[in-house]
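Subject: A structure for you to explore

Hi there,

Here is the structure I promised to send you. Have a look at it first, and then read on for my notes.

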Amino acid sequence: MIAALRLEAARRHPWLRAAYYHADMVRRTLADPEVGADANVDFGDAVLDGPDAVIGGHYAVDVIPDTPVSRRAHLQRHYIGHDDQLIVYPPATPDFLAEIFLS
Amino acid sequence: MLTDIFAAAPDSLSAYRAAGFPAPTSYGYPTVSARGVDPAALAVMDMLLSGVSADQALADATRTPVDEPDLYTGPVVAVLSERIVRLLPAVGEDRLAELAADWSAHVGLASAPATAVATWLGELRRLFRRAVAERRLLFVWNCL
């Protein structure tokens, strides 16, 4: 159900295409062995907010599009202390996103 | 995606928008932080709570005050469905864990501990009750 809803949401609302592309980029980035062979996600026991991954059990990282707004937002999270903890990818173009979600 | 749910006084919204929708906690708004709670996930919560159709739930989960928002240039603020605001606080404590499990299973939060989701829903209920008492409106702050 959720996959169908997300696809429909992306078709109706262009802004959400970047969101679902982002989710895929996070998955792909964390699956990359160069990021961390033992990357694991620690959600903690109280909230649903936490880093995308914790490398080696202690180094929190977030995967973000390389934009000023995302850098600023993630550096404000309590688990991200400096820029080195951000793994960036190039933002997708509107045409590319349309191709993914409208084809 | 960062998806913080926050409560804002109606007369503060114009200034908040002019400021570029900064992180709600940094703006002083009562907030429950999360990530990955996208409009589709909220639509599922709406459907579980109210029985509303998927089409209606999705329409109400994706209402934004800005035309053609762009997550690469700024956060996107969406209005939270009033059904969720009204019905989540009415879920009994004994049913909250069940709702958390149902919702987690539907939206792909299976890797999050069930207790974490239930706790988060509990925080959300407290935010909603406080917001209603203070006549604040509820929104979702979305940022990549």
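Let's begin with Thr31(B), which counts as partly exposed because its relative accessibility is 22%, and partly exposed covers the range between under 20% (buried) and over 50% (exposed). Before you go further, please keep in mind that this is a predicted model.

Where does Thr31(B) lie? You will find Thr31(B) in strand E2 of chain B, a strand made of residues 31–32. The side chain of Thr31(B) reaches back to the backbone oxygen of Tyr29(B), at 2.7 Å. Now look at Phe6(B): it sits 25 residues away from Thr31(B) along the chain, yet their C-alpha atoms are separated by 4.2 Å. If you set aside neighbours within four places in sequence, the contacts of Thr31(B) are Asp4(B), Ile5(B), Phe6(B), Pro24(B), Thr25(B) and Leu127(B).

**A threonine that meets the other chain**

Next, go to Thr62(B), in the loop that runs between helix H3 (54–61) and strand E3 (76–79) of chain B. Is Thr62(B) buried or exposed? Thr62(B) is buried, because its relative accessible area is 5% and buried means under 20%.

Which side chain forms a polar contact with the side chain of Thr62(B)? The partner is His13(A), and the polar contact is 3.0 Å. Within chain B, a polar atom of the Thr62(B) side chain also lies 3.3 Å from the backbone oxygen of Ala59(B). Leaving out neighbours within four places in sequence, Thr62(B) is in contact with His13(A) and Leu16(A) from chain A, and with Pro39(B) from chain B.

**Chain B as a whole**

Now zoom out. Chain B holds six helices and four strands, and along the sequence they follow the pattern β-α-β-α-α-β-α-α-α-β. Its C-alpha atoms fill a box of roughly 40 × 30 × 25 Å along the principal axes.

Why does the radius of gyration of chain B agree with a compact globule? A compact globule of 144 residues would have a radius of gyration near 15 Å, and chain B has 15 Å, so the two agree.

Of the 144 residues in chain B, 54% are buried. Among contacts in chain B with a separation of 6 or more, 71% are between residues 24 or more positions apart. The accessible surface of chain B is about 5,900 Å², and carbon and sulfur atoms account for 52% of it.

**Over to chain A**

How many helices and strands does chain A have? There are four helices and three strands, arranged along the sequence as α-α-β-β-α-β-α. Chain A has 103 residues, of which 45% are buried. For contacts in chain A between residues at least 6 apart in sequence, 43% join residues at least 24 apart. Chain A exposes about 5,400 Å², with 56% supplied by carbon and sulfur atoms.

Thr29(A) has a relative accessible area of 13%, so it is buried, the limit being under 20%. Not counting residues up to four places away in sequence, Thr29(A) touches Val35(A), Val63(A) and Ile87(A).

Enjoy exploring!

Best wishes

Methods
Residues are numbered from 1 along each chain as its sequence is written. Chains are lettered from A and ligands numbered from 1 in the order in which they are written. This is a predicted model: local features need pLDDT of at least 70, side-chain atom pairs count only at pLDDT 80 or more; totals for chains, interfaces and linings use all residues. Side-chain values use heavy atoms; hydrogens and water are left out. Helices (H or I, at least four residues) and strands (E, at least two) are DSSP runs, numbered from the N terminus. The radius of gyration is taken over C-alpha atoms; the globule rule is 2.2 Å times the number of residues to the power 0.38. Buried means under 20% relative accessible area, exposed over 50%, partly exposed in between (1.4 Å probe, protein chains only). Contact means heavy atoms within 4.5 Å. Accessible areas come from the Shrake-Rupley method with a 1.4 Å probe; for residues, only the protein chains shown count as cover. A polar contact is a pair of N or O atoms within 3.5 Å; within protein, one must be able to donate a hydrogen and the other to accept it, and residues adjacent in sequence count only if both atoms are side-chain atoms.
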